[in-house]
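My notes below follow the order in which I looked things up.

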Amino acid sequence: MTLACSQQTHSDALEQFRHIFQERSTSPTTIRHAINVLRYIITVIGRKHKSRRDQAVPISKAKPSRQRGPIGQFFKMGNEESSPIDESVPPQTLSSRTLEGLAEYIKSGKASKIVVMTGAGISTSAGIPDFRSPETGLYANLARLNLPYAEAVFDISFFKQNPEPFYTLAHELYPGKYRPTITHSFIRLLHDKGLLLKLFTQNIDCLEREAGVPDDKIVEAHGSFARQSCIECKHPYPEDDIKRHIAAKEIPRCHECQGLVKPEIVFFGEQLPQAFFESRMLPAQSDLCVVMGTSLTVQPFASLPDATRGRTPRVLINKERVGGLGNGTDDVLLLGDCDDGVKKLAEACGWLEELKKLWAETAGVGKDEAESAPSGAPGGAPDGAPVGPAKSKDEVLEDEIEKLTKEVDETLTLSKWHEEKVRGEIMPKPADGADAAASDVLRPHSQPHADEKGNLGHVFVSEASKEAPPPPSSSAEQTPKEKDES
Ligand code: OAD
């Protein structure tokens, strides 16, 4: 019997393996072959599981677990619905699951290795909308445009077809316009006090750096605008050039191969940076975990809080309860605005004046482009002014979103043909569903999946649209590769 391992599927191999051992006359040579087959199966299965642990996947694909431990060992729903711990269960580490209990723990010096995990909610008071807040979030507002789905703006396949929506957004989001919030300064304060082990951020606005948190303390899990490169030949692209293009609302092209240039933000369809995987065990070494301004809906980031040890206190400072925070014996929930939350925590620790001073130092940040900063945003607040913008936060966000969507509306030129092409060719088809789950990429939460509802009919391209004429010429020229593909 010949065993051609390399050409076999797993099930073929398994079947052959079973067959060999059912045969009484199996020779030693065949047994050796069989062992090779077994090794092959173990390697393939092992690789498949490893890739699943390491890759970003939508929350709906993650395997729920109530345990805490290193990422990869336990995988948990980020925004899992679960009931908070029973009040009668005593905390194991804190004196109480309250702000005071937390402050006492910090002041006692027991929290000397703090991991902080943040998302878009910590930048909303700077005037940058978050993604998923129902009224004000970026996705809710982009959804009313002709994008096939809101997160397409950060989808690598969509970007290759039509980079304009992303660059329209980039014009608004590009660092330099916004002042860090007092929450960013709170993270800086933790660093200044020697307490910050690592900041894991999903944000691409670089406001942590602007607040003075050093590079080596930051893991930008979803990349950032700090670097940019060609998506084809990967050649780095000069910062001055991309700044000029983004300011002029032009789409930059690689100087080497004319490919599309993209800031090194992790798009859906791309892998997270190496730095994330190198640092993801740090939560297990921490003695306090602070989660702020995130819905914890995108994996693997969403699993970070569960990579802490069981007795490690975790505090959630967020408008809503997310990710099973509140289930642990030493979880503290400070629900509400995160700027308010960090001020309360700083006050309880006796750090409020220091925090205000640090934040006041950031008053100049973003002033270069003050005219394009949202009016009333904290970027324009004078030193020492009371925390909070002149306009209400909702008003600031509404203004900003109105401006943003108007610009996107003006720039976006998705034809019906293009929309249908994208729906037909980019959206995953049912047969792809299972493989895509294990694939090596970041994928959006809200993008429909074949196996979620079992119905993707509404996003499939019709036969008629397949024969439709090519799209009108876009400002982005096709690369030779794209031309070949089309
Ligand atoms: P989301 O918009 O999903 O979640 C923001 C969270 O912050 C929500 O729970 C809000 O209730 C909360 N929030 C908003 N403003 C707040 C405030 N002032 N104070 C306290 N809480 C506030 O943003 P992320 O969790 O960051 O990925 O989203 C994760 C990822 O999804 C992003 O990195 C982005 C997106 O798709 C990519 O683009 C690759």
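**Ground rules.** I am working with a predicted model, in which local features need pLDDT of at least 70 and side-chain atom pairs count only at pLDDT 80 or more, while totals for chains, interfaces and linings use all residues. Residues are numbered from 1 along each chain as its sequence is written, and side-chain values use heavy atoms, with hydrogens and water left out.

**The whole chain.** I looked up the secondary structure and found 18 helices and eight strands; helices (H or I, at least four residues) and strands (E, at least two) are DSSP runs, numbered from the N terminus. Of the 486 residues in the chain, 55% are buried, where buried means under 20% relative accessible area, exposed means over 50%, and partly exposed lies in between (1.4 Å probe, protein chains only). Among contacts (heavy atoms within 4.5 Å) between residues at least 6 apart in sequence, 70% join residues at least 24 apart.

**The ligand.** I asked which residues come nearest to the ligand. Of the 25 residues around it, these are Arg 132, Tyr 139, Thr 294, Ser 295 and Glu 320; a residue counts as near if one of its heavy atoms lies within 4 Å. I then checked the backbone: a backbone N or O atom of Phe 131 lies 2.7 Å from an oxygen atom of the ligand, and for Gly 293 the corresponding distance is 3.3 Å. The protein covers 97% of the 790 Å² of accessible area that the ligand has on its own, with areas taken from the Shrake-Rupley method with a 1.4 Å probe, where for residues only the protein chains shown count as cover.

**Glu 320.** Glu 320 is partly exposed, with a relative accessible area of 43%. Leaving aside neighbours within four places in sequence, Glu 320 is in contact with Ser 295 and Leu 335. Its C-alpha atom is separated by 9.3 Å from that of Leu 333, which is 13 residues apart from it along the chain.

Just after helix 3, Gly 109 takes a positive phi of about 85°.

**Backbone exceptions.** Most residues other than glycine have a negative phi, and most peptide bonds are trans. Cys 206, which is not a glycine, has a positive phi of about 65° and lies in the loop between strand 2 (196–201) and helix 8 (207–210). Is Cys 206 buried or exposed? Cys 206 is buried, with a relative accessible area of 6%. Lys 234 also has a positive phi, near 70°, but is exposed, with a relative accessible area of 57%, in the loop between strand 4 (223–230) and helix 9 (239–247). The peptide bond from Gln 299 to Pro 300 is cis, with omega near 5°, and Pro 300 has its place in the loop between strand 6 and strand 7.

Note on methods
A polar contact is a pair of N or O atoms within 3.5 Å; within protein, one must be able to donate a hydrogen and the other to accept it, and residues adjacent in sequence count only if both atoms are side-chain atoms.
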